[in-house]
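Student: I would like to go through the labels on this model one by one. Please set each value against its cut-off.

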Amino acid sequence: MTREDEFLRRMREIQDDREKAIVPLAAIMTERRRLKDLLAETEAPYGRAYAAAEAAGWSVEELSRLGAETPTRRPKGRPRKHASAASNAIPAPSSGDTEAAAAVHSPAD
């Protein structure tokens, strides 16, 4: 056997070993993709069920103690209005307040 033949034989062995090693990885990759897809299908119903539990009076802390994780995506719908946003608004000055406001903000003589 020539040196070149020995080299080619060894290269084929290496390539065969590489191909054998990829088969289990490819199978696991396929299974991981399938499981990720199944998990993704549960996201919307899980979010709705979590929101329903909150609406029924369960706190986030209580749900957490039961093992429920906060959903990654909230269910679609109208955003909740926050009462604090309305109370934090600064009222616009009335027509009688414009002279007083101008006097307060005018530079001193």
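Tutor: Start with Arg 33 and Asp 37, which both lie in helix H1, four residues apart, about one turn of the helix. The model is predicted; local features need pLDDT of at least 70, side-chain atom pairs count only at pLDDT 80 or more, and totals for chains, interfaces and linings use all residues. Residues are numbered from 1 along each chain as its sequence is written, and side-chain values use heavy atoms, with hydrogens and water left out.

Student: Why is the contact of Arg 33 with Asp 37 called a salt bridge?

Tutor: The term needs a side-chain nitrogen of Lys or Arg within 4 Å of a carboxyl oxygen of Asp or Glu. For Arg 33 and Asp 37 the closest N and O atoms are 3.0 Å apart, so the pair qualifies.

Student: What makes Arg 33 partly exposed?

Tutor: Buried means under 20% relative accessible area, exposed means over 50%, and partly exposed is in between (1.4 Å probe, protein chains only). Arg 33 has 48% relative accessibility, so the label is partly exposed. Asp 37, at 36%, also counts as partly exposed.

Student: Which residues do salt bridges with shared partners join into one network?

Tutor: Glu 6, Arg 9, Arg 10 and Glu 13. Arg 9 meets Glu 6 in a salt bridge at 2.5 Å, N to O. Arg 9 also pairs with Glu 13, where the closest N and O atoms are 2.1 Å apart. The structure holds six salt bridges.

Student: Why are Arg 9 and Glu 6 about one helical turn apart?

Tutor: Because they are three residues apart in helix H1, residues 3–55. Arg 9 and Glu 13 are four residues apart in helix H1, again about one turn.

Student: How many of the chain's residues count as buried, as a percentage?

Tutor: Of the 109 residues, 6% count as buried.

Methods:
Helix = DSSP H or I, 4+ residues; strand = E, 2+ residues; numbered from the N terminus.
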